[in-house]
Amino acid sequence: MALPKLLKDLMSLPTAPFLESAVMDYVERTCRKLAGVKIKYDRYGNLLAHYRRQPRKITPLAFVAHTDHPGFAALKMVQPRTLRAEFRGGVRPEYFAGSKVRFWNNGQWVKGRVLKLSKTLPPKLPGGPRVPKEAHIQVGKPIPPNTLGMWDLPEPTLRGDRVVSRACDDLAGVAAMLMLLQRLCRKRARGEVYCLFTRAEEVGFVGAVGAIRARTIPKRVPVISIETSSALINAPIGDGPIIRIGDRVCVYTPQFATFCVRVAQELAGRRKSFQYQRKLMDGGMCEAAAFGAYGYAVIGICLALGNYHNMDTHRRKIGSEWVSFKDWQGMVDLFEALVLDPDGPDAVDDSLRTRIDGLFEENQALLRQE
Ligand SMILES: [Zn+2]
C-alpha cells in the first residue's frame, strides 16, 4: 500500500520555523477546492479554515496543528562553499557535526553537511543540554540568506504500518486536519469546525500566541491541539491516537477531556478496529498549553512519535521520524466523531456522578451501622 496523497505531498514539502510558505500554500490550495470551507490568514500568517454547513445549536470545535518542523535558516556564506546557518527548534547538540542537510533554493534541494556547531546557548533547564543556535555547513553551491534547510533524509514512505518521514511533526497533524475537512465536505456533513494551521511552533508557540492575540479563533470555541509527541513506555506507537490530558507544565481542561474520552469510547463501541489512549504526555509541551494560558478550554490529541525531532537515539544519528499509519487513520476518525457528536462539548456529562451516586445508594446504609 502507498501513503495517502495528502500525507505524501505534505511530508515531501520543505518547511522550517518562520519559513512555512510551501506548506501554507498547499493547505490553502487544498481548502480552496472544498465547497463549504472558508479560509483566511490572520495578521501573523496563520491560516484559518472554517467549515460551516447548517450548524446545529452546539459549540463548534477548533483543531490546531503547526506547519513548521525543526530546521535551518541560512544566514551568510562565510567562504565560497561554507554557509553559516541558524538552527530553529529542539535538537540536541551532539546530533549536528557530520550530519547531512539540504537547502531549498529556487525550487531545488542543494545538499550539504554540517561541519560544526558554531554557537550554542545555555541550557533551558538546569542540567539540560546546551541549545544549538548556529552551525557552519559545507554546501554544494552558494545559498542566499533566509533559505530554509532540513535534514537530508529520504522521501516519505509507508513501511508496513510505519509512516517514515523527515518531518512527521507536525505534518501528520496538518494532513489529518485536511483529511477531516475533505471528509466533512464529501459527506456534506451538518456541523461547524475551525482548523487553524499555525507557524513557528518549534521556537515556542510563536504563531499560536499571535493567533491568540489576534483572536483568530473565537474565545468561546474550545481548542484541540494536534501533535506528534515522543512515544513513552506507557504511550506506545500503534495503540491508537492519544487523548492528551496535559503536558510537562500543565493539565488541560477536565470537562473537555471528559467529552473527548466519551466520544472516543462510543466510537470504540461502534467500531471494533478503533483504539485510543488517554495519557498525560509529560515529555514536552504543545500549543494547548499556550491557548490554555490565555483562557481557552483546551485538550490535546496526539500520535506517539518515533525518533522525536529526528533524533535516532539508538544509532545516535539524525534519522527519519515515524508514526503508525493505523494511529493516524484512527485520529482522523476521532476528529470526525468529535465534530459530528450530537451533544457537543458543552453538554453536561453526569455519567460519573450517576455511577458514584449508585454506589452510594447501594451502600449508604452501612455508613449508619456501627
Ligand atoms: Zn510538534
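Modeller: Let us begin with a single pair of residues in this predicted model: glutamate 155 forms a salt bridge with arginine 102, and the closest N and O atoms of the pair are 3.3 Å apart, which counts as a salt bridge because the cut-off for such a nitrogen and oxygen is 4 Å. To place these two residues, note that the chain is divided into domain 1, made of 5-69 together with 155-340, and domain 2, which covers 71-151. Between domain 1 and domain 2 the count is 1 salt bridge, while the count of residue pairs in polar contact, with both residues at pLDDT 80 or more, is 4.

On the side of domain 1 that touches domain 2, the strands β17 (311-312) and β18 (317-318) each supply at least two residues, and the residues of that side divide into 10 nonpolar, 5 polar and 7 charged.

Stepping back to the whole contact, the C-alpha centres of domain 1 and domain 2 lie 27 Å apart, and the contact takes 22 residues from domain 1 and 20 residues from domain 2. The size of an interface is often given as the accessible area lost when the parts come together. Here the area buried between domain 1 and domain 2 is about 1600 Å², with carbon and sulfur atoms giving 68% of it. Of the area that domain 1 buries against domain 2, Pro14, Leu19 and Ile318 supply 34%, which is more than any other three residues supply.

Notes
Residues are numbered from 1 along each chain as its sequence is written. This is a predicted model: local features need pLDDT of at least 70, side-chain atom pairs count only at pLDDT 80 or more; totals for chains, interfaces and linings use all residues. Side-chain values use heavy atoms; hydrogens and water are left out. Domain bounds come from an automatic or database domain assignment. Contact means heavy atoms within 4.5 Å. Buried area is the accessible area (1.4 Å probe) that two parts lose on being put together, summed over both. A salt bridge is a side-chain nitrogen of Lys or Arg within 4 Å of a carboxyl oxygen of Asp or Glu. A polar contact is a pair of N or O atoms within 3.5 Å; within protein, one must be able to donate a hydrogen and the other to accept it, and residues adjacent in sequence count only if both atoms are side-chain atoms. Helices (H or I, at least four residues) and strands (E, at least two) are DSSP runs, numbered from the N terminus. Ala, Val, Leu, Ile, Met, Phe, Trp, Tyr, Cys and Pro count as nonpolar, Asp, Glu, Lys and Arg as charged, and the others, Gly among them, as polar.
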